[in-house]
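Biologist: Please take me through the ligand site in detail. Then follow the chain out from there to the loops around it.

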Amino acid sequence: MSNWKVFNKSGKHRVLVTKMLPGEEWLDILIGANYRIEVNLSNEITTKSEIVKKIGGNCKAIIGQLTENWDEALFQIFSSAGGVVYCNYAVGYNNVNVKAASKYKIAIGNTPGVLAETTSEMTVALTMACARRIVEADSFMGKGSFKGWLPNLFLGKRLYGSTLGIIGAGRIGSAFALMMIKAFQMNLIYFSNRENPDIENTINEYNNFLRKTNDKPVSVKRVMVIENLLREADVISLHTPLNEATHHMIDKNAFSIMKNDAILINTSRGSIIDEKSLVEHCENNPLFMAGLDVFENEPLMNDGLVDLDNIVVAPHIASATKWTREGMAKLSALNIKGVLENYAFSKSEDISLFLSQKPPNSIPSIVNSEVLYFK
Ligand code: DGY
């Protein structure tokens with residue numbers, strides 16, 4: 001049951017927010033700009049018909065969620081009601097038809113720059129949960145099965161000095177890789193359509209430090225053929241956006257190439273993995289482990305995912321820290337305000353400027369910024 005609350009009733013523009021967001025700053029920004037804000041307080045996913053009903057005949061801006069399907073029909077309705085900006089409360093926007101929004105000259109915002117470390121920390125947590133079988137061990141303890149130390153109890157996988165493969169080397173992939181390299185001196189293989197000089201330079205500097213401490217330097221290499229990464233990596237982590245090219249990128253064939261005791265982690269989008277093949281692979285290879293924060297048919301879980309001991313699951317919480325979620329809310333509000341007040345786009349990649357007490361009068365992140373030039 002939806003339950004909408006109105007803030008600043010007589011504000012000059014109507015802004016819909018399809019879920020309550022964490023923190024207060026985002027709301028202060030929108031109220032400070034004198035908008036009327038209508039927020040859905042319900043925890044249930046806001047349905048398309050509910051959104052259409054709420055848009056009504058006059059609505060300028062919307063902050064929506066990755067659980068909603070923002071398709072052409074919805075943007076057409078939003079545009080007819082005077083809509084000019086939609087912000088996805090997420091960095092990923094595979095749920096948004098950006099092309100259709102652009103056709104209606106609706107700007108599409110997202111929230112990059114505040115998720116990288118937080119999401120990477122969760123990726124580390126899932127990797128460790130898999131490598132050291134922490135979830136299985138916790139449930140063993142919960143059942144009272146611990147009868148004393150045993151040489152063979154819950155043998156896991158040593159990460160130190162092994163090989164990490166990341167698929168996608170953007171902000172999150174790079175942050176995760178550096179955490180794992182610095183913690184476990186892992187060697188890195190990355191598959192990416194672009195070379196990443198930043199990560200290579202950082203690893204070279206780190207190697208200078210390792211040499212000084214008489215430790216073995218780590219290696220880094222970029223591969224152009226994904227099979228080379230799948231074959232060599234002990235831990236494989238997915239950090240690529242979901243699109244036609246990456247849908248089911250990890251399929252039956254990919255599993256057949258991986259080491260039989262590899263660890264596969266996904267904190268990106270569920271459909272990058274063919275889950276049916278994953279379940280089959282985990283059933284046939286008990287040493288193989290998967291740590292998943294995202295799923296093909298969220299919130300529904302495909303058969304096998306929650307039952308198998310070698311699959312660890314979490315409910316899409318990789319970005320769920322107070323700091324990050326409040327930062328995402330603030331960026332969403334600033335995207336909305338920036339477009340409605342005709343500010344210029346930010347020229348800086350440094351999102352932290354927008355997190356300060358006095359954010360600049362510019363727009364943090366619009367993925368189809370070219371649409372605004374047609375206004
Ligand atoms: C995103 O921002 O795309 C994340 O999936 C939300 O956690």
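Modeller: A polar contact is a pair of N or O atoms within 3.5 Å; within protein, one atom must be able to donate a hydrogen and the other to accept it, and residues adjacent in sequence count only if both atoms are side-chain atoms. A polar backbone atom of Val91 is 2.6 Å from a ligand oxygen. His316 uses its side chain, with a polar atom 2.8 Å from an oxygen atom of the ligand. The ligand alone exposes 230 Å², and the protein buries 92% of that. These areas come from the Shrake-Rupley method with a 1.4 Å probe; for residues, only the protein chains shown count as cover.

A word on the source. This is a predicted model, where local features need pLDDT of at least 70, side-chain atom pairs count only at pLDDT 80 or more, and totals for chains, interfaces and linings use all residues. Residues are numbered from 1 along each chain as its sequence is written, and side-chain values use heavy atoms, without hydrogens and water.

Around the ligand sit Leu66, Ala90, Val91, Gly92, Leu115, Arg269, His316, Ser319 and Arg325. The shell splits into 4 nonpolar, 3 polar and 2 charged residues. Here Ala, Val, Leu, Ile, Met, Phe, Trp, Tyr, Cys and Pro count as nonpolar, Asp, Glu, Lys and Arg as charged, and the others, Gly among them, as polar.

Stay with His316. Its phi is near 50°, a positive value in a residue other than glycine. His316 lies in the loop between strand 13 and helix 12 (322-340). Helices (H or I, at least four residues) and strands (E, at least two) are DSSP runs, numbered from the N terminus.

Next comes the loop between strand 12 (289-292) and strand 13 (311-313), which holds Val306. Pro299 is in the loop between strand 12 and strand 13 too. The peptide bond from Glu298 to Pro299 is cis, with omega near 0°. Is Val306 buried or exposed? Val306 counts as exposed because its relative accessible area is 52%, and the cut-offs are under 20% for buried, over 50% for exposed and partly exposed in between (1.4 Å probe, protein chains only).

Lys105 sits between helix 4 (98-103) and strand 6 (107-109). Its phi is near 60°, again positive in a residue other than glycine. Lys105 is partly exposed, at 36% relative accessibility.

How values were computed: Near = heavy atom within 4 Å.
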